[in-house]
Amino acid sequence: MVNIKNVVVVGAGQMGHGIGQMALMAGYNVTMVDVKDEYVDKGWNKIDEGIKKIEAKGGLPGGKTAADLMTNCKKSTDLASAVKDADIMIEAVVERLEIKQEVFKNCGDNAPSHCILASNTSTMSITDIGKESGRPDKCIGMHFFNPVPLMRLIEVIYSEHSSDESINIGMEFAKSIPCLRGERYIAKVLKDRPGFICNRVTAPAQIYQNYVFDKAVDEGFSWDQLDNDSRSGPMSMTVLADYVGIDVLYHGQMYYSKTLSPDFAPGKVITKLFNEGKLGMKTGQGFRDWSKGRPQVDKKAGKARINKMKYPIAIMLNEACRVLEEGITTSWEVIDETLKAGMNMPGPMAANVNNWQNQVEVLNELVELTGKEYFKPCELLKSGKWVEMK
Ligand SMILES: NC(=O)c1ccc[n+]([C@@H]2O[C@H](COP(=O)([O-])OP(=O)(O)OC[C@H]3O[C@@H](n4cnc5c(N)ncnc54)[C@H](O)[C@@H]3O)[C@@H](O)[C@H]2O)c1
């Protein structure tokens with residue numbers, strides 16, 4: 001087993017700086033790599049800021065100061081030399097396959113032979129990402145959730161070629177990364193399938209969302225009226241879509257439409273917003289205007305009566321059964337725990353142990369309503385045998 005000391009994080013953006021911060025707090029030497037000095041500096045400064053905040057609350061481990069920890073945080077724009085003495089590399093660059101492949105090839109050529117190469121991709125095949133690395137057995141997925149210091153979940157993912165040893169090293173490393181809100185939950189993902197566990201179970205709800213967005217426009221309802229249909233979380237439906245990013249939704253849906261089913265293809269509304277560059281919070285305009293901060297929903301605008309919560313719940317149960325069918329995990333308890341730790345939402349399984357027959361009916365009704373075949377209840381759900389796969 002490798003004794004990990006040196007961690008290289010490639011991509012110093014939203015995820016990279018969070019991963020770097022928590023790896024430093026775990027006591028590792030961290031090198032942050034990006035393509036330009038200004039990007040590395042920005043990531044490094046965010047880490048510094050984050051660690052100083054924790055220091056101010058007395059939360060740093062082992063009597064260390066922020067300054068002590070930051071001396072272990074190096075910066076680089078030269079990946080080939082940054083990985084020369086790396087024990088693990090975590091890639092958190094933009095979600096584009098060819099860029100990730102280039103990073104993995106560069107690391108494969110330059111890192112010591114024992115170095116594990118891990119990708120933080122949200123959706124993509126780890127097998128494809130590691131194809132040119134020259135060390136496919138050492139390539140794994142290590143999927144953190146945003147924001148890394150606060151979200152408990154890390155998924156550690158087998159590619160088609162990862163060795164058990166590489167996965168075990170990844171699991172041990174993931175367990176060593178602290179979390180500022182509760183205990184980490186590390187999910188071992190046994191198959192390299194799009195979206196892994198957490199994003200996969202929630203992905204097909206986007207097919208339904210696209211149906212709802214397009215129907216609201218076709219029937220002349222406002223986004224306020226649509227948002228008033230259901231209030232299940234801190235953000236309404238359109239505000240959440242803007243927060244996540246219209247581009248993130250668009251690219252994710254394109255990827256799933258190619259890898260899982262054409263039913264995932266982005267709908268009319270998402271495609272229009274994407275083409276117009278209205279990407280949500282990050283551009284100040286998406287479904288909503290963000291120029292004056294988080295948009296407020298007009299609760300007096302009435303309801304569109306299009307969006308019904310019973311559908312996403314049934315959709316998630318069906319997808320979770322597909323995750324079991326495909327052998328991505330073997331236990332429905334793992335799926336529920338993964339959803340809790342990664343999305344702060346209850347998993348779909350425990351709540352449906354005695355109610356799944358109703359959900360089969362709801363799904364059949366949804367196929368009728370939307371014409372989307374992907375919503376057909378899968379064989380494992382219909383058999384009820386998933387209940388025993390605890
Ligand atoms: N943002 C999220 O909520 C989230 C959650 C989980 C996983 N992810 C995944 O994490 C990855 C990064 O996402 P993000 O939100 O941090 O993106 P981001 O845009 O904030 O950061 C990406 C960084 O990668 C850098 N980069 C691009 N090409 C590079 C290269 N060749 N070498 C080094 N650096 C390079 C960019 O300059 C940028 O700083 C993506 O794969 C994404 O799917 C994102």
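**Entry 1: W223**

I began with W223, which counts as buried because 24 C-beta neighbours lie inside 10 Å. The criterion I applied calls a residue buried if 20 or more other C-beta atoms lie within 10 Å of its own, exposed if 12 or fewer, and partly exposed in between, with C-beta atoms placed from the backbone. I note that this is a predicted model, in which local features need pLDDT of at least 70 and side-chain atom pairs count only at pLDDT 80 or more, while totals for chains, interfaces and linings use all residues. Residues are numbered from 1 along each chain as its sequence is written.

I located W223 in helix α10 (residues 223-227); helices (H or I, at least four residues) and strands (E, at least two) are DSSP runs, numbered from the N terminus. Leaving aside residues up to four places away in sequence, I found that W223 touches T238, F287 and R288. Here contact requires C-beta atoms, placed from the backbone, within 7 Å. The C-alpha atoms of W223 and T238 are separated by 7.0 Å, and the two residues are 15 residues apart along the chain.

**Entry 2: domains**

I looked up the division of the chain, which gives domain 1 (6-192), domain 2 (200-301) and domain 3 (310-388); such bounds come from an automatic or database domain assignment. The centres of domain 2 and domain 3, taken over C-alpha atoms, are separated by 23 Å. I found 10 residues of domain 2 in contact with 15 residues of domain 3. On the domain 2 side of this contact, α8 (198-202) and α9 (205-218) each supply at least two residues, and α9 has the largest share, four residues.

**Entry 3: ligand shell**

Which residues are closest to the ligand? I found G11, G13, Q14, M15 and N146 to be the closest of the 22 residues that surround the ligand, where a residue is near if its C-beta atom, placed from the backbone, lies within 6 Å. Both α1 (14-25) and α5 (97-110) supply at least two residues of this shell, and α1 gives the most, with three residues.

I then followed N146 to a cis peptide bond that joins N146 and P147, with omega of about -5 degrees. P147 is found in the loop between β6 (139-144) and β7.

I checked the length of α15 (residues 332-343): at 1.5 Å a residue, its 12 residues should span 16 Å, and the end C-alpha atoms are 16 Å apart, which agrees. The expected span is 1.5 Å times one less than the number of residues. Buried residues in α15 include W332, V334, I335 and D336. Their cover includes β7 (153-158), β8 (185-189), α8 and α14 (310-325).

Just after α15, N344 takes a positive phi of about 55 degrees. N344 is partly exposed, with 15 other C-beta atoms within 10 Å. F196 also has a phi near 55 degrees, a positive value in a residue other than glycine. F196 lies in the loop between β8 and α8 and counts as buried, because 27 C-beta neighbours lie inside 10 Å.

**Entry 4: nonpolar core**

I recorded 112 residues in the largest nonpolar core, where V9, I88, M89 and A320 have the most contacts inside it. The term denotes a set of buried Ala, Val, Leu, Ile, Met, Phe, Trp, Tyr and Cys residues joined through C-beta atoms within 7 Å. I88 touches, among others, I4, V7 and F173, not counting residues up to four places away in sequence.

Conventions: Contact = placed C-beta atoms within 7 Å.
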